Amino acid sequence: MLKIKNLEAGYGKLRVLKRISMHIDTGEIVTIIGANGAGKTTLLYTIAGMIKATAGEISLYNQNIIRTNPESIVAAGCSLVPEGRQMFSTLSVKENLVLGGYVQRKQKVDQKEELQKIYDIFPVLKEREDQLAGTLSGGEQQMLAMGRALMAHPKLIMMDEPSTGLAPLIVKDIFAIINRLRDAGNTVLLVEQNAKAALAIADRGYVLETGKIILQGPAEDLLNNQDVQRAYLGRDVSTEGAQCELD
Amino acid sequence: MRQYFPLCIFLALVVLIQLVTQITETAFYLTQLTMSAYYSLLIIGLCTIMGYAGQISLGHAGFFAIGGYLSAGLTTHNLQPFADTGITSLLDKAGLLVSSKDLYGDTLLTVHPWIACIVAISTAVIIALVLGGPVLKLKGHYLAMATLGFGIIIFRIAMATPYFGEADGLSGVPSFTLLPGITVSGDFGARIINYYIAWGTVLIGMLLLINLVNSRMGRALSALHGSEEAAQAMGVNTARAKLLTFVLSAAYAALAGVLLTHYNGSIGPGEAGVMKSVRYVAIVAIGGMAHLWGALIIGTLLNFMSMRGLFGSYDDAVFGIILILIMLFAPQGLLRLHIWKHIQKIKPKKHGTA
Ligand SMILES: Nc1ncnc2c1ncn2[C@@H]1O[C@H](COP(=O)(O)OP(=O)(O)OP(=O)(O)O)[C@@H](O)[C@H]1O
Ligand SMILES: [Mg+2]
């Protein structure tokens with residue numbers, strides 16, 4: 001559903017992404033792993049249209065979206081759950097969710113029903129409906145960020161490091177929900193530093209290093225790859241626990 | 001419907017105050033109340049861009065001055081000496097000019113106040129568009145400084161341009177007939193009608209803004225206030241939402257400038273001063289930032305007190321001190337202090353949330 005060819009992007013003169021090529025098929029969970037500063041967030045922002053590409057192609061359902069604005073990309077069914085959750089912290093949980101459906105203006109949608117669907121996936125959000133988003137715990141905020149993105153009815157949902165700063169038990173919950181989203185027919189692009197947990201649920205993976213894709217393949221192969229193990233799995237002591245829980 | 005309830009109370013209050021001043025023979029208060037109304041018009045516009053969209057502007061006195069000075073300049077400068085030149089006669093034939101007699105019986109040819117008003121507000125809107133495009137990309141302190149710079153430029157232009165009367169400003173600004181029978185003027189006999197014109201304008205202005213902040217656009221504003229990147233990720237065109245709100249608030253400021261200048265019959269460079277902009281920002285902060293009614297109430301009260309001379313020669317200092325105190329002790333605004341919550345607890349509970 002998403003195809004990227006020789007994509008280049010950056011900030012001003014700084015070239016961050018260098019000739020990135022990748023693809024995502026419908027119904028897959030694809031993960032991108034890489035160290036700090038590798039350009040993972042930049043890649044997601046470029047797909048979402050928030051940063052303009054300087055070269056290359058991005059096509060969503062065979063439509064070139066390289067010059068498309070972020071609004072239209074969301075409307076076309078590609079939503080981003082940004083890094084660090086980025087709550088609208090002075091608004092309530094419910095208001096945050098309603099904003100998630102911002103692009104759904106043309107079809108008159110039944111808001112109550114829409115919200116209920118999200119609450120079915122994240123029951124804790126229902127309990128916190130009227131609480132200010134800024135006062136939620138980290139895990140609850142991550143769920144809200146995901147719920148908010150789902151309100152736009154994405155077919156492809158891109159998540160930027162959803163596990164950051166969360167306890168292993170919560171990480172397990174979040175990853176279980178990602179799995180369920182896929183089962184419900186969504187396609188997921190998952191950016192993670194928690195390589196082990198990400199590769200455990202993903203179908204395929206890409207390894208990004210200083211703006212280049214240096215490795216790609218089925219998740220299992222990457223898990224067993226020596227370079228990956230040394231660079232991304234060996235040192236990842238803090239997340240070892242999450243992995244055990246997942247198995 | 002519930003959001004219009006305060007508007008009805010507001011309307012009732014406006015009428016009540018007028019009746020009370022009539023009965024108690026204190027109609028002289030109406031003059032300052034009318035002027036306060038026009039300043040409040042600017043302030044509710046500023047409240048939308050500051051409080052709801054989260055973009056600080058220290059340049060709104062500049063937009064006020066653009067409105068006031070342009071309409072004053074166009075309606076006072078005599079075009080009679082140029083009556084035969086191409087452009088002037090063309091304007092005259094198009095009915096855009098009015099001629100009148102001055103004190104000595106000489107003919108004065110000036111731009112019609114309606115035309116002047118439209119030119120003034122359009123100019124403010126265009127400048128806001130041009131300025132807002134690049135400036136609204138800035139954040140926090142940088143945005144404050146850029147808008148401050150704009151305010152200083154406008155002040156300097158007003159002080160240095162002979163057409164705008166330099167340090168003396170412009171006076172002898174004629175009255176402005178909005179509709180037959182409804183004239184903005186400072187005439188003694190027109191005091192009551194002008195009080196209602198001013199507050200009627202504020203009422204319409206409030207109605208528009210209340211609708212705006214409760215619309216899809218308003219939701220977009222509160223989203224970008226919370227996190228610009230997340231708002232973009234939700235499909236909000238943040239650049240456009242910010243720019244539209246900025247331009248709208250500039251138009252409110254310019255309209256306030258136009259009407260107050262016709263009411264006062266004059267305008268001076270003090271209206272363009274940076275201290276004025278600081279005062280407006282302080283009032284919005286005291287009112288509670290994202291709180292149109294708070295801004296309106298506080299704006300009316302403080303401007304009224306200031307114009308009654310209650311703060312003496314420390315006028316500007318008082319606003320500075322208030323701003324410091326608010327930031328220290330009530331950054332959410334006076335109306336959101338905890339005291340109010342306690343008072344609300346005492347009252348019987350109403351259904352629903354605010
Ligand atoms: N707004 C910006 N302006 C300039 N350079 C930036 C900007 N954002 C990121 N960069 C640079 O781009 C490079 C890639 O950053 P990016 O945020 O995409 O990395 P990342 O892989 O998401 O890292 P992390 O795992 O820490 O989130 C970094 O060198 C960073 O310094
Ligand atoms: Mg990142």
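Helices (H or I, at least four residues) and strands (E, at least two) are DSSP runs, numbered from the N terminus. In this predicted model, local features need pLDDT of at least 70 and side-chain atom pairs count only at pLDDT 80 or more, while totals for chains, interfaces and linings use all residues. Residues are numbered from 1 along each chain as its sequence is written, and chains are lettered from A and ligands numbered from 1 in the order in which they are written.

**Stop 1: ligand 1**

Select ligand 1 and its shell. A residue is near a molecule or strand if its C-beta atom, placed from the backbone, lies within 6 Å of it. There are 13 residues around the ligand, and A:Y11, A:N36, A:K40, A:T41 and A:T42 come nearest. Which helix gives the largest share of the shell? Helix α1(A) does, with three residues. Colour β2 (14–24) and α1 (40–47) of chain A: each supplies at least two residues of the shell. Now colour by class. Ala, Val, Leu, Ile, Met, Phe, Trp, Tyr, Cys and Pro count as nonpolar, Asp, Glu, Lys and Arg as charged, and the others, Gly among them, as polar. The shell then divides into four nonpolar, seven polar and two charged residues.

**Stop 2: the four-stranded sheet**

Stay in chain A. Show β2, β1, β4 and β5. They form an open sheet in the order β2-β1-β4-β5, with antiparallel pairing. Two strands pair if DSSP finds at least two bridges between them. β2 and β5 of chain A are at the edges with a single partner strand each, so one side of each has no neighbour in the sheet.

Helix α1(A) packs on this sheet and touches β1, β2 and β4 of chain A; its direction makes about 70° with that of β2(A). Contact here means that the C-beta atoms of two residues, placed from the backbone, lie within 7 Å. Axes are lines fitted to C-alpha atoms, for helices over the stretch in contact, and angles run from 0 to 180 degrees between N-to-C directions.

Zoom in on β1 (residues 2–11) and β4 (residues 55–60) of chain A. Five bridges join these antiparallel strands. Pick A:L2: its bridge partner in β4(A) is A:L60. Then pick A:E8, which stands opposite A:A55 in β4(A).

Next, move to β5 (residues 63–64) of chain A. Two bridges join β5(A) to β4(A), again in the antiparallel sense. A:S59 has A:N64 in β5(A) as its bridge partner. β4(A) and β5(A) form a hairpin with two residues between them.

**Stop 3: the six-stranded sheet**

Select β6, β7, β8, β3, β9 and β10 of chain A. These six strands make an open sheet in the order β6-β7-β8-β3-β9-β10, and the pairing is mixed. The edge strands are β6 (78–81) and β10 (212–218) of chain A, each pairing on one side only. From one strand to the next, the twist averages 15°.

Look at β9 (residues 204–209) of chain A beside β10(A). Six bridges pair them in the antiparallel sense. A:Y206 has A:Q216 in β10(A) as its bridge partner.

Bring α1(A) back. Helix α1(A) packs on this sheet too, touching β3 (29–33), β6, β7 (156–160), β8 (187–192) and β9 of chain A. The direction of α1(A) makes about 150° with that of β7(A).

**Stop 4**

**Stop 5: from chain A to chain B**

Show both chains. The contact takes 22 residues from chain A and 16 residues from chain B. On the side of chain A, α2 (70–75) and α3 (93–100) each supply at least two residues. α2(A) gives the most, four residues. This side divides into 15 nonpolar, four polar and three charged residues.

**Stop 6: a helix pair in chain B**

Finish on α2 (residues 29–52) and α11 (residues 274–287) of chain B. They pack at an angle of about 70°, with their axes 9 Å apart. Select B:L42, B:I43, B:L46, B:C47, B:M50 and B:G51 in α2(B); they meet B:Y280, B:I283, B:V284 and B:G287 in α11(B). This contact has eight nonpolar, two polar and no charged residues.
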